Structure formats: C-alpha cells, structure tokens
Amino acid sequence: MPGAGARLPFMEEGMARWPFGPPNAGVALDFTGTPPTPAELRNLVAERWAGVPRLGQTLVRDRRGARRHRWLPADAHGHRADPSEHLRHDDVTLPDAVGTWFHTPFPDGRPAWDLHLLRGTADGDFTLLFRMHHSLCDGRSVTTLLRALLDGAPPVDVPASLAEPGPLRRTPVGGPGVFTVGLPVPLPAKGDRAPAYTVVRLPPDEVRAARLAHSADGHRGATTNEVFLAAVSGVLRSCLLRGPGADPDGASRQVWLSVPVDQRPPDNGDFLGNAFTNVRVPAPVSLPDPAARLAACAGLLTTTIRRRSAVERLVEGLVTALPGTTAALARDRLFAPDYAPAACSYVHLREGGRTLAGRRLRAVNLVPMIPPADTVTFALGGCARGHTLSVTTNSGAEDAELLAEEFLHELRSLGRSGSGGCYVPGP
C-alpha cells in the first residue's frame, strides 16, 4: 500500500465518498461446530495476521483544499494496534448484523475493520465475519486474510501484501464507453424503501447442472461466473416483463451489468488493498430461452495482461485530483439505474485448509456495500463446499427475498435447458 500519509488512489477515494450510506462491506465464513473460544480466536489472529501494515492504518481526511483522504498510522507514534483487539463477539446471525451496520460507520481514529464471531443460522454452527470500510480492502484481499486463518495455511505473507500490482494489470477485453447508458430495470418495489440484505444457499447439483448444460452438444461446460451472469440476466428479464409497459424482446437499448474484475497480475495475488476495476457487460435480457442467455454470457469476462496506457493514467490522475466533482458526476451518471441496474460480484475462497481450529468450513457469504438507489447487487460466494448468493437492495427486504427466489428459479431453468431436460418457462 502507499506509504503513511499518502493520498488514496482513485478507486479507494471514490469508495470513501460513497453517497448511499457507510461504505461497509465484508466476507463471512460459515462453520459447523462449537464456536472457538475468544482466546482461541485471539491467538489465531495474533499469530496469522501479525505485522500486516494494512490492518494498522486509519483513514483521515484533509482539512483543506480538495479534502481528500489519506492513510495514517493508527496512533501518533506509528505503532500498529494488535489485530486481536478488533475481535467482536455478537450474539446475532449474519442478516441481523448486516441490518445493524448498514447504518453504522466505523469510528474515526482507528483502523476501519472488525472480525465478528456471530451465531450461526442453525444449532451447532457459527459465522466469522470480516467487515471493513471498503477503501481498506477488496474481496480478493479479504479472502487472502481469511484463508490465512484456516488450519494448515501459512500466515499472511507481509512482503507480498505490500507488493502493489505495478505497471501490469489484468484488464477486461471490450466493454462500452464510459458514458454509454442503457435500459433501467424496475425492481419489484413490494415493501418499504430501505437497505436490505438476504442470503441463500445454492444447491450444488443445480449449479453443476447449469454449468454442464451445453456439454452434451460438444461445447465446453459453462464457468460458474457465466452461469451467475446468465441467471442474473434472467432475473432482470422477469423484472422487465413485469414492469409497466416494458418489452425486453423489442428493447432498443442494452441492459448493462456492472462487474468488478481483479486487476492483479498472476504473480501479485497476495497484495492487500484495492486492485480491481468495474466493467460493464451486456445482460442478454431480450433472449427468452435460458440456454441462449447462457451461451450469450460465454467469454464476457475475458481478460488480458497489459500495461496501462498513457491516456488511462492521465484520466485516473485527473479523476483523483478532483474527487468532489467526480463524486457528484458519478452520482448523477455512473450510479444511475440506466447505467447499470445490477452489479454482480463473485469471490471464491481457495482454501489453504478447510477447517478453523478443527471446525469445518461450510459456506462463504459476501456482504456488499449499499447499492445505488433503484439498483440491486447480486454477490456470489464460493468455496469447496458450494456457493451462496446474497442480494442487496435499497428497496426493502421483500424485494431482496423476491429477487433471491427468482435467481433460484433461473438457476434451475438453466440446468433444465440443457441435455434434453424439461424447461418450464418463468414469468
């Protein structure tokens, strides 16, 4: 990460100015077994996260000029606090915890992260939630930290955690112009307008069936990410069909999905910080057949490793130098529903072990930031045991649950659309 006192790069500065609520995000791990004692967990954290500079920095804002943000040591002498001091034991489940901290910013003057030990959704389970100010870390960074806590995994590699990506970046191929807009998608709007979060477990056999839907006719199986984008596209299609006067089959404008893409080159995967870019890909909402939607999502997230161009560096510098103006423009333009009515984030924990102090890892759940008004965020968390989907909206709990149910329906439809299965059309 930049040295102490350095101003934030443009992506982190943008998240520090997130206009829709505290820019909190997180990753939660579900485990089966009796929760570890606070002493057990404290020892693991102290041992495996020892001396990680990113966890000892606090976010401060300049008092003059553009009032940009900086990273500074957590105390005046530059001594980093013991990471185990950030442990919290909360007798609530993950949805309850998220409902509380949607509205709760981190206090000033201390590193903006906590590790919460939560009650599981079933007896004999527990959840470990790493929550943070999103300027601190991206999803890849959090999985690096959490993986280090698992049994048999090495501690965080401190030198590697400081090695910023450098001149090379993993960059998506294609994509629309930054000012290209598309078709907004009406959400169900069934309840009170308020931030809401729900999480559901995806049946592993249905994910597998959807991935193999094309294998029988000689094509490769779909990736999990392609299945994810196709299912979200099906959800948005159903919203358009139910919306007032909309006709997705004859729509003249494209619906765009916003997708974060990790820009770390292959030899830089352990860098802790934010090293991603948001790209937009087309959602094939005009296609009525699930198999056709899945085929249309093939290759949408193709990337290449290259150096950033001079124009890209110049634009990034200008955006970073004018954070207030950029934030106002982004709120009116880049966060509008016609720019991207849905965001899709996928994080997979590639385990160094599958237990925490002997308790077996069961699931990975993502907790995104509060999304822009009239949009929805679908977040897929994966591990060796399977996948979970979280849905986050600004339009109430009933909307979040309806959209999650519709995703499950679309996932089943994708699996049934291949290999001669019986497809039952959705709404």
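Accessible areas here come from the Shrake-Rupley method with a 1.4 Å probe, and for residues only the protein chains shown count as cover. This is a predicted model, in which local features need pLDDT of at least 70 and side-chain atom pairs count only at pLDDT 80 or more, while totals for chains, interfaces and linings use all residues. Residues are numbered from 1 along each chain as its sequence is written, and side-chain values use heavy atoms, with hydrogens and water left out.

**View 1. Welcome to the whole chain.** The chain exposes about 18,500 Å², of which carbon and sulfur atoms supply 54%. You can find 11 helices and 16 strands in the chain; helices (H or I, at least four residues) and strands (E, at least two) are DSSP runs, numbered from the N terminus. Of the 427 residues, 50% are buried, where buried means under 20% relative accessible area, exposed over 50%, and partly exposed in between (1.4 Å probe, protein chains only).

**View 2. L8 in the segment before a helix.** Look for L8 in the segment before helix 1 (10-16). L8 counts as buried because its relative accessibility is 1%. From L8 to R68 is 7.7 Å, C-alpha to C-alpha, although the two are 60 residues apart in sequence.

View 3. S258 sits in strand 9 (residues 255-262). With a relative accessible area of 16%, S258 is buried. Leaving aside neighbours within four places in sequence, S258 is in contact (heavy atoms within 4.5 Å) with N278, V279, R280, A340, A342, A343 and C344.

**View 4. Arginines on the surface.** Here R201, R354, R360 and R385 gather in a patch of positive charge. Such patches are made of residues with over 30% relative accessible area and no salt bridge, like charges being joined within 9 Å; a salt bridge is a side-chain nitrogen of Lys or Arg within 4 Å of a carboxyl oxygen of Asp or Glu. Lys and Arg count as positive, and the place of an Arg charge is taken as CZ. One of the four, R354, lies in the loop between strand 12 (342-348) and strand 13 (355-356). R354 counts as partly exposed because its relative accessibility is 49%.

**View 5. Two loop residues with positive phi.** Most residues other than glycine have a negative phi. A357, not a glycine, has a positive phi of about 50°; its place is the loop between strand 13 and strand 14 (359-367). D374, not a glycine either, has a positive phi of about 65° and belongs to the loop between strand 14 and strand 15 (376-383).

Technical notes:
Patches are made of residues with over 30% relative accessible area and no salt bridge: like charges are joined within 9 Å, nonpolar side chains (Val, Leu, Ile, Met, Phe, Trp, Tyr) within 5 Å.
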